[in-house]
Amino acid sequence: MTSNTLPPFVKSGADLGQRTTLALPGRAAFYVEVDSADQLSQLVGKSHLRRFVLGAGSNVVLTGDFDGLLLHMAIGGRQLIGEDDDAWYVRAGAGENWHSFVRWTLTKGCWPGLENLALIPGTVGAAPIQNIGAYGLEVADRFHALEAMDMLTGKTLRLDRDACRFAYRDSVFKQEGWHLEARLVVTRVTFRLPKAWQPVAGYADLASELEQRGIARPNALQVADAVIAVRNRKLPDPAVLANAGSFFQNPLVDAAFARRLAAAHPELPRYPQADGRVKLAAGWLIEQSGWKGRQLGRVGMYEKQALVLVNRGGATGADVIALARAVQAAVRERFGVDLVPEPVFL
Ligand code: EPU
């Protein structure tokens, strides 16, 4: 089947140069701005083109032109859909901006719970795919359920928390590769925001920011403000300096390996996990390997946070891949640790 069987709302050819926060050049052969689940269902079975779902493009490395159908998610809407004794249930369309949604939960409704995740770039629909997280909290902690369109059958599926199989920056979407081929497309997400709210303020950077502000018992808005201040200090605003947030995942290694490494490098930050493994700080490994603030052509590792790869202007996907490989090689050589990129490569 060919593209001529596609519905008229599908555009031929679209420039993606400003559609990802790394601002890498590329075009999509076919493009549609999806503003309803109904529109998605009209695309089911209509072509054998490769598909890809794009939200705000904050976790995507565009390696060149995309010869398939790009689904740009723009499904909007956000509302309180219910409450019980323990929680409020708040739902948002996949295309909603994540930070605006977080701010709305805190100011419009006074429904606390997402404040640690303030200012994370991206959309609501992308949040569960890689289980976004920051400052001691991840989406999985506040997730209730999502709705998704099955692009093979046209049916709407509901996935609860267990079905999503969340792990560190991971979910069933990544485990099954559904996010790459757009097999299941998230349309709406519901969050469960606890009435017996307690601040999650133990993360070192956040704790010291609150202490400096003289706040011992913060409310949710104060936590959000502190998170925003810390993020603004350490992480570049993609609108000013193109980047995709943390470029590598923090590696999980077994306990014995972490002990051996720590014996040779006593400063090594280590975070023991519930399953016995130890999470290492990729930013620290990269800095110690000499790559903090260092450039390779038009890209570099950010001077204030070595885990963030930045486009200094005019870079291509090939530049990004070259730098990622150089950093991986340096960390492997010095520490014997393999870094895995966090973004999706398209
Ligand atoms: N570190 C260095 N040098 C650096 C950067 C970090 O030595 O250049 C050290 C820090 O001193 C600290 C440790 O590494 O001891 C951890 O650093 P930080 O607290 O800044 O957090 P991170 O592990 O680098 C993670 C997330 C971020 C999230 C922050 C805060 C990942 C891959 N990254 O970064 O998420 O904002 O924690 O919770 O898990 C993202 O995913 O895009 C992202 C920004």
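Arginine 103 lies in helix H2, where helices (H or I, at least four residues) and strands (E, at least two) are DSSP runs numbered from the N terminus. At 46% relative accessibility, arginine 103 counts as partly exposed; buried means under 20% relative accessible area, exposed over 50%, and partly exposed in between (1.4 Å probe, protein chains only). Arginine 103 and glutamate 115 are 12 residues apart in sequence, and their C-alpha atoms are 7.9 Å apart in space.

The model is predicted, with local features requiring pLDDT of at least 70 and side-chain atom pairs counted only at pLDDT 80 or more, whereas totals for chains, interfaces and linings use all residues. Residues are numbered from 1 along each chain as its sequence is written, and side-chain values use heavy atoms, with hydrogens and water left out.

Two packed helices are described by the angle between their axes and the distance between the axes. Helix H2 (residues 98–107) and H7 have axes that come within 10 Å and cross at roughly 150°. Here, axes are lines fitted to C-alpha atoms, for helices over the stretch in contact, and angles run from 0 to 180 degrees between N-to-C directions. H2 and H7 are therefore roughly antiparallel to each other; angles under 35 degrees count as roughly parallel, over 145 as roughly antiparallel, 65 to 115 as roughly perpendicular and the rest as oblique. His99, Leu106 and Thr107 in H2 meet Ala220, Leu221, Ala224 and Ile228 in H7, contact meaning heavy atoms within 4.5 Å. By class, this contact of H2 with H7 has five nonpolar, two polar and no charged residues. Ala, Val, Leu, Ile, Met, Phe, Trp, Tyr, Cys and Pro count as nonpolar, Asp, Glu, Lys and Arg as charged, and the others, Gly among them, as polar.

H7 also packs with another helix. Helix H6 (residues 204–212) and helix H7 (residues 220–234) pack at an angle of about 115°, with their axes 9 Å apart. That angle makes H6 roughly perpendicular to H7. The crossing of H6 past H7 is right-handed. From H6, Asp205, Leu206, Glu209 and Leu210 meet residues of H7 including Gln222, Val223, Ala226 and Arg233. The residues of this contact divide into seven nonpolar, one polar and four charged.

Within H6, the buried residues include Leu206, Glu209 and Leu210. They cover an arc of only 95° around the axis, which puts them on the same side of H6; the arc is that of the directions from the helix axis to the C-beta atoms. The buried residues of H6 pack against H7, and on the other side of H6, Ala204, Glu211 and Gln212 are exposed. Glycine 214, which follows H6, has a positive phi near 70°.

Most residues other than glycine have a negative phi, and most peptide bonds are trans. Alanine 23, in the loop between strand E1 (11–15) and strand E2 (27–34), has a positive phi near 55°. Asparagine 131, in the loop between H2 and strand E8 (133–134), has a positive phi near 45°. Alanine 23 is partly exposed, with a relative accessible area of 25%, whereas asparagine 131 counts as buried at 0% relative accessibility.

Definitions and conventions: Left-handed = near helix turned anticlockwise from the far one by under 90°.
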